[in-house]
Amino acid sequence: MLQKKEPLISIITVNYNEKNIERTLKSILAQTFQDFEWIVVDGGSNEETLNIINKYKDRIDILFSEKDNGVYDAMNKGIKVSNGRWLIFMNAGDSFYEAVSLEKIFKKYSFILRNKDIIYCDSIYHTIDSVEYKPIFPDKLNSEFWHNSCISHQSTFIRKELFNKYGLYDETYKISADLEKWLLFKQKKCKFHHIKEIISNYYTDGISAIDESREYERKLILDKYKIKAPKPIAKKIKNFIKKIIRVR
């Protein structure tokens, strides 16, 4: 009996009654690079949403719909059943930026992937007021970056083995478990690499964009990993002047 080939990528889509779910599904099917398995984890959506998902079930490799304990519980379910070497979370409502998004990374930049653990790319953010902007992600993810921002999992490829080695998302965090996991990976010396390609459209009307507890969780996580707040700009200038004086 022939053994099924291991897919290069697992695309995990988490959904619960997302009105724009079809936007996500169509963008995944449109990819010119098809060496992926597609896992849809639905949290027990209404019939209307499930009818949309079922239109694509012939292409979905793993699909289950059941009540869960939030987005990170659903993401963990997807990780557990995934078979790909690389994981990307293209959750309901968001979408790939263009049909060649996967092809760009896994063909054009395949030489970079060989010795990296996490490949983070760029996104176009769409606000609830229909404003579009592109965050500038730095090549070096320092303390100042983590205090003010976070890389987006819609544009990030993670080696599956990292979750096997360091565990799944910490579900005690309801909004910012992805930040906690990035910082854990950094602490464990995992190799991050920035590819300056736009991979996804991220729509900032989701729970992490509007929930007030996000900043509270962020502070808890930053304190946990002893990520110090950046110095105020006035203090930086003062220290810089002191250095100049000492040199002279």
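**Figure 1. Contacts across the chain in a predicted model.** In this predicted model, 77% of the contacts in the protein chain with a separation of 6 or more involve residues 24 or more positions apart. The secondary structure of the chain comes to 11 helices and 9 strands. Of its 248 residues, 48% are buried. The accessible surface of the protein chain is about 13,700 Å², and carbon and sulfur atoms account for 52% of that area.

Figure 2. Welcome to the first close-up. Here Lys-108 and Glu-197 form a salt bridge, with their closest N and O atoms 3.1 Å apart. Lys-108 belongs to helix H4 (residues 101-108) and Glu-197 to strand S9, so this pair ties together parts that lie 89 residues apart in sequence. How accessible is Glu-197? Its relative accessibility is 10%, so Glu-197 counts as buried.

Figure 3. Glu-215 and Arg-218 form a salt bridge in which the closest N and O atoms are 4.0 Å apart. Both residues sit in helix H10, and because they are 3 residues apart there, about one helical turn separates them. Are the two partners buried or partly exposed? Glu-215 is partly exposed, with a relative accessible area of 44%, while Arg-218 counts as buried at 12% relative accessibility. A search of the whole structure finds 13 salt bridges.

**Figure 4. The pair Arg-59 and Asp-61.** In this view, the side chains of Arg-59 and Asp-61 meet in a salt bridge, at 3.3 Å from N to O. Arg-59 is partly exposed, with a relative accessible area of 23%.

Figure 5. Follow the chain from helix H8 (177-187) towards strand S9 (192-203), and you will find Lys-189 in the loop between them. What is the phi of Lys-189? The angle is positive, at about 65 degrees, although Lys-189 is not a glycine. As background, most residues other than glycine have a negative phi. Lys-189 is exposed, because its relative accessible area is 70% and the cut-off for exposed is over 50%.

**Figure 6. Lys-226 in the loop between two helices.** Here is another lysine to look at. Lys-226 lies in the loop that runs between helix H10 (213-224) and helix H11 (233-247). Its phi is near 55 degrees, a positive value in a residue other than glycine. At 71% relative accessibility, Lys-226 counts as exposed.

Figure 7. Where does Cys-121 stand, buried or exposed? With 0% relative accessibility, Cys-121 counts as buried. Cys-190 is buried too, with a relative accessible area of 10%. Both values fall within the buried class because that class covers anything under 20%. How many disulfides does the structure hold? The number is 0.

Key:
Residues are numbered from 1 along each chain as its sequence is written. This is a predicted model: local features need pLDDT of at least 70, side-chain atom pairs count only at pLDDT 80 or more; totals for chains, interfaces and linings use all residues. Side-chain values use heavy atoms; hydrogens and water are left out. Helices (H or I, at least four residues) and strands (E, at least two) are DSSP runs, numbered from the N terminus. Buried means under 20% relative accessible area, exposed over 50%, partly exposed in between (1.4 Å probe, protein chains only). Contact means heavy atoms within 4.5 Å. Accessible areas come from the Shrake-Rupley method with a 1.4 Å probe; for residues, only the protein chains shown count as cover. A disulfide is a pair of cysteine sulfur atoms within 2.5 Å.
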